[in-house]
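These are my notebook entries on a structure that I looked up.

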Amino acid sequence: MSNVRFKTMEQMPLEMHKVKIVQKLNLLPVEERLKAIQEAGSNTFLLQNRDVFMDMLTDSGVNAMSDRQQAAMMVADDSYAGSETFTRLSKVLKDIFGMDMFLPAHQGRACENIISQAMVKKGTFVPMNYHFTTTRAHINLNGGTVLELIADKGLETTSEEPFKGNMDLDRLKKSIQKVGKGNVAFVRMEAGTNLIGGQPFSLENLEGVSSICKENGISLVLDASLLADNLYFIKKREEAYKDSSIREITAKMASLCDIIYFSARKLGCARGGAILTRDKELFNRMKGLVTLYEGFLTYGGMSVREMEALTVGLEETMDEDMICQGPDFIQFMVNELKKRGVPVITPGGGLGCHINAMEFVNHIPQSEYPAGALASALFIAGGIRGMERGTVSEDRDADGNEKHADMELVRLALPRRVFTLSQVMYAVDRITWLYENREMIGGLEFTEEPAILRFFFGRLQEKGDWQERLAEKFRKDFGDSL
Ligand SMILES: *Cc1c(COP(=O)(O)O)cnc(C)c1O
């Protein structure tokens with residue numbers, strides 16, 4: 001939030017916007033919540049949205065647009081070639097990132113397909129701070145290997161480390177030496193590192209990575225999908241930049257990279273994707289792939305209306321008052337849960353609040369999917385849809401053995417500008433109630449288990465009848481209220 005201080009109350013996040021359009025929500029009685037989650041095979045991906053009160057599954061494509069974004073959609077120029085919309089978007093991208101070549105794509109993973117096809121050869125390596133699911137898949141598909149070089153501090157669940165997304169520079173140097181710089185396809189830095197909880201890197205760290213890349217003649221690629229949060233954290237947590245504007249920090253970051261790409265489902269609160277560079281040779285390598293996979297170079301699979309919304313959304317990303325909402329709300333939620341003894345990942349990141357299921361339900365063995373069980377219990381307790389990020393999200397190995405995840409997390413995403421503070425407090429209340437009744441939560445087992453990406457469509461069931469008993473306990477504690 002802006003520099004606003006509360007005088008008579010405890011400090012809390014303050015929205016620097018007001019609500020102009022709303023969507024009505026339903027909160028089902030607990031008996032119907034129980035029925036809905038069981039019909040969904042205890043998998044929150046399979047719930048119907050009409051049964052969900054707070055949809056905290058993801059921040060992708062579900063962020064609230066501003067009035068100016070909505071208004072811009074009306075002036076979109078729907079021509080196949082020479083579109084004014086494309087010109088407007090290109091100009092804003094150049095203003096913000098200082099890169100004059102721009103390729104559009106339909107979403108983030110489409111950018112990854114193009115970049116990987118153009119740059120990853122069989123047997124090459126891609127060092128990065130941490131992988132994202134679709135990124136690693138595209139690199140592997142092209143015969144490359146990901147080298148994960150996150151600093152050790154990044155993987156500590158409870159910590160005060162402000163930049164858990166930092167790359168270990170020493171390991172980067174050693175890795176390049178080991179595989180040979182000619183075998184490094186590119187180095188990738190991910191802003192707001194998604195899979196470790198939306199954790200940022202520091203600008204100092206990016207500078208270090210960039211100079212190692214330059215010394216070795218290797219391209220540096222920035223995944224800027226979660227850039228907005230990372231920018232805000234640099235401004236708030238990195239002493240050297242506390243007086244810089246968001247625009248200055250962005251320009252500095254961009255000057256260190258050779259390629260920037262992003263999912264506009266997150267950055268810019270719209271839908272789509274973009275690849276930027278100032279390297280003509282790289283641009284030409286990727287250009288043909290865009291026309292082949294995405295569409296003509298002036299839209300790349302995006303709707304022109306979304307492109308207009310993105311143009312405005314990117315401008316708004318340069319406004320601290322607009323990008324503070326997500327990180328500030330998440331920090332608030334993390335603090336409130338911590339106060340109540342609930343195990344959460346700290347410090348708060350930029351994507352959502354992450355509950356540590358390994359501790360929350362430490363009586364459930366990993367073979368019975370603690371994070372999956374907790375996600376289903378949270379839906380029963382409050383109609384809240386989170387995402388399992390644990391062993392269910394891993395697939396079995398080639399021999400059919402279960403691979404236990406490093407962490408068992410329930411991710412509660414806070415799509416940007418979507419929820420109010422009272423809704424966040426409702427979630428805190430239900431999670432706290434669940435924590436007090438955690439002994440009642442039991443394990444899950446698969447009834448239908450797809451071989452790949454089982455977390456999307458797999459169906460599970462409770463072991464025993466703990467879900468029914470949890471719903472009964474809720475009824476007893478809450479009387480006839482919802
Ligand atoms: C979401 C995301 C992607 C993929 O973007 P999509 O638009 O979902 O294809 C890539 N990288 C990061 C860091 C992301 O968060």
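Entry 1. I began with a term: a polar contact is a pair of N or O atoms within 3.5 Å, and within protein one of the two must be able to donate a hydrogen and the other to accept it. The model that I examined is a predicted one.

Entry 2. I applied this term at the start of helix H3, where a side-chain oxygen of Ser 83 comes to within 3.0 Å of the backbone nitrogen of Thr 85. H3 spans residues 84-97 and has 14 residues. From its first C-alpha to its last, I found that H3 reaches 20 Å, close to the 20 Å expected at 1.5 Å a residue. After H3 comes Gly 98, with a positive phi near 65°.

Entry 3. Which residues of H3 are buried? I noted Thr 85, Phe 86, Leu 89, Ser 90, Val 92, Leu 93, Ile 96 and Phe 97. These residues lie on the same side of H3, because they cover an arc of only 165° around the axis. In general, an α-helix has 3.6 residues a turn, so residues three or four places apart point the same way. Among the elements that cover the buried residues of H3, I recorded strand S2 (101-105), helix H8 (227-237) and helix H11 (304-317).

Entry 4. I then searched for disulfides, for which two cysteine sulfur atoms must lie within 2.5 Å. The count was zero. Cys 111 is in no disulfide, as the nearest cysteine sulfur, in Cys 257, is 15 Å away. Cys 111 is buried, at 0% relative accessibility. For Cys 269, the closest cysteine sulfur belongs to Cys 324 and is 12 Å away, too far for a bond. Cys 269 is also buried, with a relative accessible area of 11%.

Key:
Residues numbered from 1 in each chain as written. Predicted model: local features only at pLDDT ≥ 70, side-chain atom pairs only at ≥ 80, totals over all residues. Heavy atoms only, no water. Buried < 20%, exposed > 50% of the residue type's maximum accessible area, 1.4 Å probe, protein only. Helix = DSSP H or I, 4+ residues; strand = E, 2+ residues; numbered from the N terminus. Expected span 1.5 Å × (residues − 1). Arc of directions from axis to C-beta. Contact = heavy atoms within 4.5 Å.
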